Each structure stands twice: as C-alpha cells, then as structure tokens.
Amino acid sequence: MTAYGLNHKRAQQHTDAALKLMAELGVISQPNNFQTFYTYVAKTNTDLCRTIDILRSNHREFDEAQCEELHVRFFSDQREREIIERISNDLREQLGNILNTVHKVGIDTRKYNKALDHFCSYVGDKDRDLGNLEQALHTLLGATREMEGVNRTLESRLTNSSSEITRLREDMENLKREALTDGLTGIANRKAFDMQLRDAMMNAMEDGKPLSLVLLDIDHFKKFNDTYGHLIGDQVIRLMAESLKRNVKGQDTAARYGGEEFAIILPNTLLGNAVMFGNQLRRYIESHKVVSKSGNTTIGKVTASFGVAEFRPGEPVAKLIERADKALYLAKENGRNLVVGEQQLEGNDVVSETQGLDRRDKQAIPAQ
C-alpha cells in the first residue's frame, strides 16, 4: 500500500521528517497537525509549502491557533469532500434498496394478477367442480398473503429509507455549518467571512448603501502564550469571540479571521459610525479580565487594536481588506488598545467617538 503515491520507505522518511520538524517548531503531535506537516515535508501541496515557508521566515510561532488555521485552510475542503462522498454512497445504497424492493413488488404483482385472473376465469367456468374451485381459491389466498407481506416489506423499507435520507440531510446541514464555523470559538471562520464579505459588497453596490469592515487583533497575544501556555491563549481567543457574540448583532457578521485576529462586517454603516462601534467594543473588551480555571487568580487584562475601512463601490475585496489591515497596523504602532479609521492613513485625524452618529442608519450597539 502506498501513501501519496510513495512506497513504504519513502513514506516513513516523510513521517520521520514531519515529526522531527514538529518537535523543532514546538507543534503539538496530533492528527491534524501531522497531516499538515507530513504534506509540507512531502511537498505535495505547493500553496501549503509556500505559506509555511513564509511563516517560518518571519519566525512566526506555530501555536495551536496557527496550526488549526493552516489545517482548516488547506484541508477542510478535502474533509468536506470525503463526508459528501460518504453521504452520497449511503444515499445511493438507500435508493438501490428501494428500487430492488419495488422491482420485487412488480414481479409479485404480476403473479398476484395472474392468480386473480385464473380464479375469476374458473368461477365463470360452467364445468368447474368444487375441488378445483377450492384449489383456485387457495392459490389466490396464498398470493394475497404473499402480496400483503411484500407490501409490508416495501412499507418498512420505504420508512427506513426515509429516516435514513432525513439523517443524511441533517448530516449535510451539519457539514455546512461545520465548514463555516471556527472550531475553537464557535463564530464564523475565514471561509464564511470571505463569502459574507463578497455578498455584502455586492448588496452595497446594488442598494447604494454604505458598508464598513473592522479588523481587530488581540494585543500582546504572544505574551499570553509564552507566559501562561496555549490553554490560556485559547481562553483569551474564546473570550474575544464571546465579546463579539455579545456585541455584534443583527445583519452584522463577526468572524475569526486568523489566529488572534478577528473581523466584523458592518452593512449599512458609514466609516464614522464603524469607528464609534469599534470604540464601544474596545471598551467592552478591556473591561474584562482573564482568570484561571479555579477563578482565584487574575491572569491579566485583554485589549485589542482595531482598523476600520469603508467599502468603495467597484473595488475588489482585497483593497478593502488592505486598508483595514493598514489601519490596524497603525493602531498597533500608536500604542495598541486603539481604533484607527482609514482616513488617518491619508493624514487626517482619527474620527472621534462622538462624530457621525447621525450618518448611520442603525444605532451603534452599546457596550454591555
């Protein structure tokens, strides 16, 4: 048996190389991570290799969040295809069972009709005798019982198949939700974000209404991981996601953009109001602290930096994200725990928290 088209010896070499590299990078040895780095050392996915090479050249840490992002990005579609294939096979099997049963019923129906015709013709025969009539009736009754049994079999088979198809449909719906949900936080993942942003941009152009994008990044996230470990790092990420769940409502969309970075899509929202919303969310976040599982020790306060940009009709997705990302970078350069709108990139002042309230069709969501 081969793996990736290789023999056992070559596959073992890739396995050893992947495990060694994971140990060097401090990557947790678990199946998803092994799949990522086995593929990397085997060089069977050019885009994955290029991405990891860039991360390594930038001395990025391959923590749990980073590894999960890599696996979701490069292998979630593969897993989705595998599940869809399984569901398709199950469905084909169920339909095959139904067709086989219907085919059997068709044969038995013809047999029953033949028995019925024979009985009816015999009843009409003037030369019939009681013994032959009794035999004809016995044959008809046997065919009737057999038909009733087949019908019950068909009914049972159809009922079972219907239940199975319903289960398969539920599996498909769960798959869709899983494919668009971040496993660690339960909010939308990068794939869902990309889809929602494209749709929001198209709607904004069609309706002529504004659209803003907020990117936010947890401040000093690496410090939490280095000082307290990945479990606390994950707790910080979940705390950030919970803050977004509590404050991002209605038609707005919050997503985990990657690692410790998040994004919020704000339809029907002008830049000034998006900056105000960012500041409300920023204050909400900094009002919470990370505590140990026992609840007895306060580990630290979490803050985030924000970059905000407004959609310009006709521009590509990448341009909008680029401006928001530059504004986020400027927020970090200017001390963090700050909201920066894209206008500051052009040398203007940052929009204050009280500007532009009348420019937003919907009220900014208050911090809770």
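## Basis of the model

Residues are numbered from 1 along each chain as its sequence is written. In this predicted model, local features need pLDDT of at least 70, side-chain atom pairs count only at pLDDT 80 or more, totals for chains, interfaces and linings use all residues, and side-chain values use heavy atoms, with hydrogens and water left out.

## Residue D16

D16 belongs to helix α1, residues 8–25; helices are DSSP runs of H or I with at least four residues, numbered from the N terminus. Its relative accessibility is 44%, so D16 counts as partly exposed (between buried, under 20%, and exposed, over 50%, with a 1.4 Å probe and protein chains only). Y38 lies 22 residues from D16 along the chain, and their C-alpha atoms are 8.9 Å apart.

## Helices α7 and α8

Two packed helices are described by the angle between their axes and the distance between the axes. For α7 (residues 221–228) and α8, the angle is about 145° and the axes are 7 Å apart; axes are lines fitted to C-alpha atoms over the stretch in contact, and angles run from 0 to 180 degrees between N-to-C directions.

F221, F224, N225 and Y228 of α7 make the contact with H230, I232, G233, V236 and I237 of α8 (heavy atoms within 4.5 Å).

## Helices α8 and α9

Helix α8 (residues 230–247) packs against α9 (residues 271–286) at about 130°, with axes 10 Å apart. On the α8 side, M240, S243, L244, R246 and N247 meet F277, L281, Y284 and I285 of α9.

How values were computed:
Helices (H or I, at least four residues) and strands (E, at least two) are DSSP runs, numbered from the N terminus.
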